[in-house]
Amino acid sequence: MWDEIFGGLLIGLAAAVLWLGVGRISGMTGVLSSVFQFRNPDRHWSWAFLAGLMLAWPMVQLVDYPAPISITDKPFLLIAAGLLVGFGTYVGNGCTSGHGVCGMGRLSFRSAVATVTFMLAGVITVAVMTALEVQI
Amino acid sequence: MTYITAFVSGLLFGLGLLISGMNDPAKVRAFLDIFGVWRPELIAVMAAAVVTFFVAFQFSKRRVKPLFASAFHMPSLSVVDMRLLSGAVMFGVGWGLVGLCPGPALVDVLSGNESVLLFVGALVAGNRLAHVLIGPVKTSN
């Protein structure tokens, strides 16, 4: 439980640093879209953010912190899920970070609706997969 | 300073995702499995992060601009429409299928896990596909 709370505090702190430091919302969907806007200097911060984000993994390996990754190895599931998440977050303008953490932290009604919607969709998806006995 | 700040923020964000276990798809799916063997711990991640950002956001209201930039880039959208809802549903279904959302997926890339890499490839493809087919929301921001 303390790992979750401490991790959540770090995520909130990260979002606070980006907002108070450079006035940007730390939403992964925004970062993902922004890294492709090569010619827009206003978006170049997203490359630095992404570099820091991705270096977290090697950093925790250095201190031998256990960070297991248990994930399906079914290519069809992985491709379908990746496409849905990539397409859906672009269309819905945000994901767990932008809508979930920052949007709800701003008390945005729009973000709260988005968060409840994708959480419900996730819960239903897992329940349906269990009911259909889908092997993952 | 913009880039250093963004780098530090990204690193803190990644460490938070790894320490909380958000990067583990099995743990995320167990969190979503409320009718099965529910593991509710991840709600603490969201709660702690939201409260922390809430405090920072309230503080920022007393400031004219951020420390190292000329303006706060406040999200300009506030409507709840079909675009928002359909996007959120697609995202939620994909999230439930595998247990990865964009942040954790990107954090796990350097693990070299082949399933993660395949997911991230499709994630980027989905993002670009939506960019080409649908395009960004028209805003003044």
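1. From the N terminus on, chain B reads α-α-α-α-α-α, that is, 6 helices and 0 strands. Helices (H or I, at least four residues) and strands (E, at least two) are DSSP runs, numbered from the N terminus. This is a predicted model, in which local features need pLDDT of at least 70 and side-chain atom pairs count only at pLDDT 80 or more, while totals for chains, interfaces and linings use all residues. Residues are numbered from 1 along each chain as its sequence is written, with chains lettered from A and ligands numbered from 1 in the order in which they are written.

2. Along the principal axes, its C-alpha atoms fill a box of roughly 45 × 35 × 30 Å. Of its 141 residues, 49% count as buried (20 or more other C-beta atoms within 10 Å of the residue's own; exposed means 12 or fewer, partly exposed in between; C-beta atoms are placed from the backbone). Among contacts in chain B with a separation of 6 or more, 48% join residues 24 or more positions apart; a contact requires C-beta atoms, placed from the backbone, to lie within 7 Å.

3. The interface. In chain B, 103 residues are in contact with 91 residues of chain A. On the side of chain B that touches chain A, α1, α2 (25–32), α3, α4 (82–98), α5 (102–107) and α6 (114–133) each supply at least two residues. The most comes from α1(B), with 18 residues. By class, that side of chain B has 68 nonpolar, 28 polar and 7 charged residues. Here Ala, Val, Leu, Ile, Met, Phe, Trp, Tyr, Cys and Pro count as nonpolar, Asp, Glu, Lys and Arg as charged, and the others, Gly among them, as polar.

4. Helix α3 of chain B (residues 43–60). Its 18 residues should span 26 Å at 1.5 Å a residue, and the end C-alpha atoms are 26 Å apart, which agrees; the expected span is 1.5 Å times one less than the number of residues. Buried residues in α3(B) are B:V45, B:M46, B:A48, B:A49, B:V50, B:T52, B:F53 and B:F57. Their cover includes α1 (2–22) and α5 (96–105) of chain A, together with α1 (2–20) of chain B.

5. Backbone of A:D64. Phi of this non-glycine residue is positive, near 55°. A:D64 sits in the loop between α3 (45–62) and α4 (75–91) of chain A. It counts as exposed because it has 7 C-beta neighbours inside 10 Å.

6. Backbone of A:E133. This residue also is not a glycine, yet has a positive phi of about 55°. A:E133 lies in the segment after α6 (109–131) of chain A and is exposed, with 6 other C-beta atoms within 10 Å.

Definitions and conventions:
Two residues are in contact if their C-beta atoms, placed from the backbone, lie within 7 Å.
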